[in-house]
Amino acid sequence: MELDDLKSMVLKCRKCPLYKFRTNPVVGSGSTKKGIMLVGEAPGKKEDETGLPFVGKAGKVLNELLSKAGLKRDDVYITNIVKCRPPNNRDPTEEEINACKPYLDIQFAIIKPKVLITLGRYSMEHFQKKFGLPRESISRCHGMHYKIRTLHSNLLFVPMYHPAASLYSKLIKERSMNDWEELGKAIGKYLK
Ligand code: URA
Ligand code: SF4
């Protein structure tokens with residue numbers, strides 16, 4: 001399967017109730033060339049309107065964080081664990097995450113990222129489970145560099161705070177800037 005086939009599957013998906021509220025599902029966007037994949041939580045209002053991930057306020061913060069690591073939006077592929085917007089931006093439910101996460105697993109299998117960065121708790125927990133890592137809280141493991149071996153490849157897994165958290169907490173913003181700067185120093189050797 002290619003990313004385009006996945007896109008047509010998601011466009012007509014009705015596997016969970018969120019399809020009723022969406023204008024556009026947000027499948028993902030950006031470049032898969034470098035092998036850097038970012039996974040957020042769920043689309044917000046602007047994302048639902050445009051069908052693109054991280055184009056609102058949190059997206060502005062994300063751009064700032066990326067630049068701390070010496071990266072541009074064009075260098076990365078961005079998606080979310082849930083593809084349709086939950087009403088009023090509430091947290092996605094466990095059922096919604098479970099219904100939607102097979103799409104993320106397909107994206108992961110197609111892209112085979114060399115560097116996988118999760119944004120926030122939900123996508124972090126998904127990959128902790130997938131990689132057989134202990135369930136640690138984001139306040140403990142944000143910014144850590146996990147070297148993962150899968151059947152098909154080796155990759156660097158880095159759980160980051162959700163960019164929106166930086167809008168509400170100065171401390172998290174400082175920690176995030178530091179985490180992304182550290183990632184920038186290390187990322188080169190994983191992209192060969
Ligand atoms: N927050 C997310 O987690 N994803 C988006 O695409 C936008 C905001
Ligand atoms: Fe399908 Fe995911 Fe949208 Fe639910 S959130 S309808 S599972 S694409």
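So, ligand 1 takes up the space of the largest pocket. A pocket here, on a 1 Å grid over the protein atoms alone, is an open set of points where a 1.4 Å probe fits, with protein on both sides within 12 Å along at least five of seven lines. Sitting in one means that more than half of the molecule's atoms lie within 2 Å of its grid points.

Ground rules: this is a predicted model, with local features needing pLDDT of at least 70 and side-chain atom pairs pLDDT 80 or more, while totals for chains, interfaces and linings use all residues. Residues count from 1 along each chain, chains are lettered from A and ligands numbered from 1 as written, and side-chain values use heavy atoms, without hydrogens and water.

Who's around ligand 1? G40, E41, A42, E47, P53, F54, N80 and H162, each with a heavy atom within 4 Å. That shell splits into 3 nonpolar, 3 polar and 2 charged, with Gly counted as polar.

Now the polar contacts, meaning N or O pairs within 3.5 Å. The side chain of N80 puts an N or O atom 2.8 Å from a ligand 1 nitrogen, and a backbone N or O atom of A42 is 3.1 Å from a nitrogen of the ligand. H162 has a polar side-chain atom 2.8 Å from a ligand oxygen. Alone, ligand 1 exposes 240 Å², and the protein buries 92% of that (Shrake-Rupley, 1.4 Å probe).

F108 is in helix α4 (residues 94-111) and F131 in the loop between α5 (121-130) and α6 (138-141), so the pair ties together parts 23 residues apart in sequence. Helices are DSSP runs (H or I) of at least four residues, numbered from the N terminus.

Notes: Polar contact = N/O pair within 3.5 Å; in protein donor to acceptor, adjacent residues only side chain to side chain. 1 Å grid on protein atoms, 1.4 Å probe; cavity = no way out; pocket = protein on both sides within 12 Å on 5 of 7 lines; lining within 4 Å. Helix = DSSP H or I, 4+ residues; strand = E, 2+ residues; numbered from the N terminus.
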